[in-house]
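Please look over the sequence and the structure below before reading on. The paragraphs after them are meant to be read with both in view.

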Amino acid sequence: MKFIVALAFLAVALAAPQGDKKPIEIISSNSEMNADGSYSFNFESADGTKVSESGNQKKVGPKDEDIGTVSKGSYSYTSPDGVVITVNWTADENGFQATGDHLPTPPPMPEHVVKMLADLKAAGLL
């Protein structure tokens, strides 16, 4: 319950006016929605923020009504230290997957683990 109350206070604080900040102008915006369920949209704002997304319907199960949306897109913005941050992403039957130079990646697998996996695969255990 305390967590919910804390979230409520956080939401109110974030919704509060942010001083003298002026709205950022949208300099381009496009969107398209098609009868087959596919769509795309993109926009760019005056501060250099860019967003694009497209998607379509895909059968995800054995029944005709087992339809899901597969989407992909990207967004970029300039960080406070002047670096352009770009994220490319997909959302499909494998979940949400984002990539970007600034995102952490797992370290390489140790050589002994690579060898062990190769041995298990050769033995037919994988």
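Predicted model: local features only at pLDDT ≥ 70, side-chain atom pairs only at ≥ 80, totals over all residues.

Residues are numbered from 1 along each chain as its sequence is written, and side-chain values use heavy atoms, with hydrogens and water left out.

The secondary structure of the chain consists of 2 helices and 6 strands, where helices (H or I, at least four residues) and strands (E, at least two) are DSSP runs numbered from the N terminus. Followed along the sequence, these elements give the pattern α-β-β-β-β-β-β-α. The chain exposes about 10200 Å², and carbon and sulfur atoms supply 61% of that area; accessible areas come from the Shrake-Rupley method with a 1.4 Å probe, and for residues only the protein chains shown count as cover. Of the 126 residues of the chain, 12% count as buried, a word that stands for under 20% relative accessible area, whereas exposed stands for over 50% and partly exposed for values in between (1.4 Å probe, protein chains only). As for contacts, which means heavy atoms within 4.5 Å, 9% of those between residues at least 6 apart in sequence join residues at least 24 apart.

The strand pairings can be taken in sequence order, with two strands said to pair if DSSP finds at least two bridges between them. Strand β3, residues 50–59, pairs with strand β4, residues 67–78, in the antiparallel sense over 10 bridges, and within this pairing Lys58 has Gly68 in β4 as its bridge partner. Strand β4 also pairs in the antiparallel sense with strand β5, residues 84–92, this time over 8 bridges, and here Gly73 stands opposite Trp89 in β5. The hairpin of β4 and β5 has 5 residues between the strands, and in this hairpin Gly82 takes a positive phi near 90 degrees.

Two residues show what such strands have around them. Ser74 is found in strand β4 and is buried, because its relative accessible area is 19%. Leaving aside neighbours within four places in sequence, Ser74 is in contact with Lys50, Val51, Ser52, Val87, Asn88 and Trp89. Gln57, by comparison, belongs to strand β3 and has a relative accessible area of 33%, so it counts as partly exposed. With neighbours within four places again set aside, Gln57 is in contact with Asp36, Gly37, Ile67, Gly68 and Thr69, and its side chain is joined to that of Thr69 by a polar contact of 3.0 Å. A polar contact is a pair of N or O atoms within 3.5 Å; within protein, one must be able to donate a hydrogen and the other to accept it, and residues adjacent in sequence count only if both atoms are side-chain atoms. The C-alpha atoms of Gln57 and Ser38, which are 19 residues apart along the chain, are separated by 6.3 Å.

The structure holds 3 salt bridges, each a side-chain nitrogen of Lys or Arg within 4 Å of a carboxyl oxygen of Asp or Glu. Lys58 forms a salt bridge with Glu93, the closest N and O atoms being 2.8 Å apart; because Glu93 lies in the loop between β5 and β6 (95–99) and Lys58 in strand β3, this pair ties together parts that are 35 residues apart in sequence. Lys59 forms a salt bridge with Asp64, with 3.6 Å between the closest N and O atoms, and of these two residues Lys59 is partly exposed at 45%, whereas Asp64 is exposed at 65% relative accessibility. Asp119 forms a salt bridge with Lys115 at 2.9 Å between the closest N and O atoms, and both residues lie in helix α2, 4 residues apart, about one turn of the helix.

Helix α2, residues 111–122, also holds Leu117, which is partly exposed with a relative accessible area of 32%. Together with Met109, Val114, Met116 and Leu126, Leu117 forms a nonpolar patch on the surface, with about 470 Å² of accessible area together. Patches are made of residues with over 30% relative accessible area and no salt bridge, like charges being joined within 9 Å and nonpolar side chains (Val, Leu, Ile, Met, Phe, Trp, Tyr) within 5 Å.
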